[in-house]
Amino acid sequence: MDAELEALTDALMGATLDAEWWREEPAGVSAPLGDFLGQVREWQRLGDTSLQRSATRRRVRAMLQRMGNEHPEETGRLRRILEDRRTAELRRAREVVARWPAAREPSPAVGVTSTRNAVSGGIFHEPVIQAGTVTGGMHTYYGQPPHSGLPPVTDWPQLDLADPIDLGVRRPRRIADEPPLPRYVARDCDPGLEAQVRTAARNGGLVMVTGEPLSGRTRTLWSALFTNLSGTTRVLTPVPGTDLRQLPAVLRARGDAECVLWLDDLDGHLGDHGLTAALLAELVRLRVPVFATMSDEAYDAHRFGSPAHARLLSGVEPVELSTEWSPAEQERLAAAARDDLRLAGAYTHRTRHSTPAYLTVGPELLGEWRRARRANAHPLGHRLVLAAIDLARCGVEGAVPVDVLRAASDLYENATPGAPHEDFDQALAWASGIRHGVTGMLVPGAEGGTWRVYGSLVEDARDGLPGFGPVPLELWPRAFEAVAREGAASPAVGVVLESARAVLGPQADRDPEAPLTLGRIEEEYGDDAAAEVWFRRAAEAGSTEAAGRLGSLLFDREDMAAATPYLEEAAESGNVEAQRLLGIALAQRSEHWLRAAAESGDAVSAFWLGDLLRGDGDHQSALHWYQKAAEWGRVKDVASRIGLLYYSWGDYEESVRWHRIAVREGDSQAVNDLGLALEQRGETEEAALLFQQSAEQGDATGASNFGLLLEERSEPEEARKWFAKAHELGDYAAAYLLGRSLTAEKRYGEAEEWFRKAKAVGHHYAERELADLRAARGGGPRLDGSTGGTPDTVKE
């Protein structure tokens with residue numbers, strides 16, 4: 001009973017791994033039995049190691065035993081289904097043997113009696129020789145096969161103990177104590193390949209995976225073997241050129257061991273002494289499968305360009321593997337990347353590099369780059385690659401112009417010895433030269449003359465592998481310059497900004513220059529509040545530049561008390577900008593500092609110094625510095641001031657000229673002032689248009705002036721609309737003007753309301769007007785005994 005249960009368990013596990021049989025959905029499967037088969041298949045798919053497969057087998061055996069006890073009819077149905085499958089397998093096996101030319105029976109020679117051998121029943125151990133007549137004594141010898149250099153089967157490694165690196169799987173990047181190989185990511189071709197592997201394991205035959213260089217064909221085939229064959233299977237992995245002619249003799253002595261022949265890069269094993277159609281036919285008879293890989297180029301050359309090898313390869317339908325991964329494969333890569341830094345790097349760079357190439361070429365590039373720093377190697381090329389790596393570590397994701405790389409590489413002159421024999425063009429040629437038929441360390445960008453570094457080198461640096469130091473602080477501004485060509489608000493700038501925060505923030509505790517650098521970056525591209533924090537830390541560590549920048553930020557926030565000590569520290573170090581801001585903040589000493597900065601050619605200081613002198617009544621000196629500021633590029637700031645000075649002197653022609661300049665420069669406040677100057681010249685039509693324009697731009701004074709002009713034109717109703725608008729915009733004197741206009745029409749109730757609004761904000765005539773209103777209503781005299789006050793206009 002136990003033997004029957006073991007056989008049934010083996011048959012069921014083999015069947016559920018057969019994707020072709022599974023897709024056909026065997027007839028006669030009831031719903032409970034179908035659920036049971038699905039559960040077994042799922043267990044097997046999850047069993048990646050030999051230990052897991054052994055546990056799965058025990059679980060299947062236990063469930064079969066329970067089903068036999070509780071549902072014997074289902075057990076009988078399952079046996080019949082598996083017997084039908086075995087019959088179909090035997091039929092396919094005969095077809096496989098018949099397919100190989102060397103396995104077909106040769107035509108009998110003339111004069112030779114053809115004899116057919118057949119074995120039925122029992123267990124097949126050795127070839128059977130059937131002769132027509134034997135004369136004399138007949139002796140049977142049992143001895144060792146002739147020496148062929150092939151080890152006995154007992155010396156072949158078991159599948160679950162074999163090292164895939166020894167079998168041809170390329171060694172990938174390795175970080176810390178990670179396993180030698182990352183987790184295998186399933187390829188789309190796996191189901192079909194695994195079906196071929198299982199069929200070959202039963203019947204013999206050749207299974208081949210072809211692909212471009214570094215497409216992952218060896219790892220893919222190895223995974224198919226490891227998933228679908230017993231862990232005790234013996235694997236022969238001969239080196240290229242090994243004489244395989246005695247392999248059948250070696251295999252006949254294997255006993256009941258399951259064996260496979262592994263030929264990575266099959267083209268190295270072809271020839272008369274290697275794998276031939278005749279040898280393959282012998283291996284088919286022995287039911288020993290051959291698993292091989294070939295490059296696309298080698299396969300095409302041998303399959304279609306070599307008649308001798310075409311005979312071997314014509315019966316094989318290779319599984320083709322591409323270097324480009326499908327969306328489904330990339331999704332599986334993303335899921336696996338969560339637990340493996342190497343796969344995470346491959347996923348990050350998937351749009352630029354194929355995953356197998358990224359994992360396997362990377363270590364080669366890293367090793368060569370490290371050794372290139374020697375004086376007799378390529379130290380300048382080493383620095384170029386390092387500059388590109390560090391720019392990428394800064395967050396520069398795209399290719400950068402070659403001149404940026406050249407300038408950045410100068411920051412690493414102390415990292416390598418001089419290279420008098422290597423010029424820049426030679427260094428660039430070395431760094432960008434193609435390795436392993438796949439890539440260079442530097443990869444050309446989409447635009448001519450631009451370069452980026454191969455992605456695995458960036459991940460090597462980020463993962464802390466030896467050979468990389470911190471990114472030089474001086475490189476960060478160059479990184480921003482490289483990406484800011486697309487605009488300061490571009491997403492690329494945002495990426496570099498986040499990288500700077502992540503890298504320089506923790507570094508600030510160790511390096512006093514780090515907070516200053518990060519503060520500059522935040523001020524230029526990021527957040528002023530963050531910049532203030534970093535400048536303060538740098539200033540407290542003794543940086544006068546940081547003190548000046550912090551003082552400037554505080555000044556812009558109009559926190560003069562906080563800004564003063566920092567501005568003083570920076571100003572005393574010769575910082576012209578700090579001198580300018582300090583002059584504005586310190587009223588008592590402003591002229592001293594502002595004049596110092598202005599005489600150094602600072603246009604803004606000249607403008608502020610003019611304001612100071614004008615406030616002191618020195619209008620001529622003020623005009624001098626205003627004109628200097630205009631000459632030095634601050635026309636917008638000073639044009640209206642110059643116009644007002646000329647207005648105050650009665651020179652309305654010059655006033656109009658300068659105000660027009662101010663309006664042209666975008667000074668919206670100058671619109672109203674230009675209207676005043678034009679009104680003085682009698683050009684009231686244009687003045688009215690300017691007052692209205694000023695009001696419509698939100699200038700309360702312009703609205704009041706437009707209302708006054710309309711009153712002068714005897715348009716009181718329209719004038720009151722603009723007085724109300726002026727009041728709404730913040731000119732509270734307009735409430736007084738509106739009250740006067742209403743009083744003139746004896747609308748005392750409304751007038752009183754507006755006079756009260758004017759009084760509430762302290763208008764000096766509003767109280768008197770309210771008293772006059774009370775007198776007018778009661779018939780009493782006005783407070784001043786007059787018929788009313790003089791209108792208080794804003795045209796002063």
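Student: Which helices are included in what covers the buried residues of helix H12?

Tutor: In this predicted model, helix H12 spans residues 327–337, and its buried residues are Glu-329, Leu-333, Ala-336 and Ala-337. What covers these buried residues includes two helices, namely H13 (341–348) and H14 (355–371).

Student: Are the buried residues of H12 on the same side or on opposite sides of the helix, and which residues are exposed?

Tutor: The residues in question are Glu-329, Leu-333, Ala-336 and Ala-337, which are buried in H12. Because they cover an arc of only 100 degrees around the axis, they lie on the same side of H12. The residues that are exposed on the other side of H12 are Pro-327 and Glu-331.

Student: Is H20 roughly parallel or roughly antiparallel to H21?

Tutor: Helix H20, residues 491–507, packs with helix H21, residues 513–525, at an angle of about 155 degrees, and their axes are 9 Å apart. Since angles over 145 degrees count as roughly antiparallel, the relation of H20 to H21 is therefore roughly antiparallel.

Student: How many residues of the contact of H20 with H21 are charged?

Tutor: The crossing of these helices is left-handed. From H20 the contact takes in Val-493, Leu-497, Ala-500, Arg-501, Leu-504, Gly-505 and Gln-507, which meet Ala-514, Thr-517, Leu-518, Ile-521, Glu-522 and Tyr-525 of H21. Among the residues of this contact eight are nonpolar and three polar, while the number that are charged is two.

Student: Which residue takes a positive phi just after H9?

Tutor: Helix H9 runs over residues 277–285, and Ala-277, Leu-279, Leu-280, Ala-281, Leu-283 and Val-284 are buried in this helix. Just after H9 there is a positive phi of about 55 degrees, and the residue that takes it is Arg-287.

Methods
Residues are numbered from 1 along each chain as its sequence is written. This is a predicted model: local features need pLDDT of at least 70, side-chain atom pairs count only at pLDDT 80 or more; totals for chains, interfaces and linings use all residues. Side-chain values use heavy atoms; hydrogens and water are left out. Buried means under 20% relative accessible area, exposed over 50%, partly exposed in between (1.4 Å probe, protein chains only). Helices (H or I, at least four residues) and strands (E, at least two) are DSSP runs, numbered from the N terminus. The arc is that of the directions from the helix axis to the C-beta atoms. Contact means heavy atoms within 4.5 Å. Axes are lines fitted to C-alpha atoms, for helices over the stretch in contact, and angles run from 0 to 180 degrees between N-to-C directions. Angles under 35 degrees count as roughly parallel, over 145 as roughly antiparallel, 65 to 115 as roughly perpendicular and the rest as oblique. A crossing is left-handed if the near helix is turned anticlockwise from the far one by less than a right angle, and right-handed if clockwise. Ala, Val, Leu, Ile, Met, Phe, Trp, Tyr, Cys and Pro count as nonpolar, Asp, Glu, Lys and Arg as charged, and the others, Gly among them, as polar.
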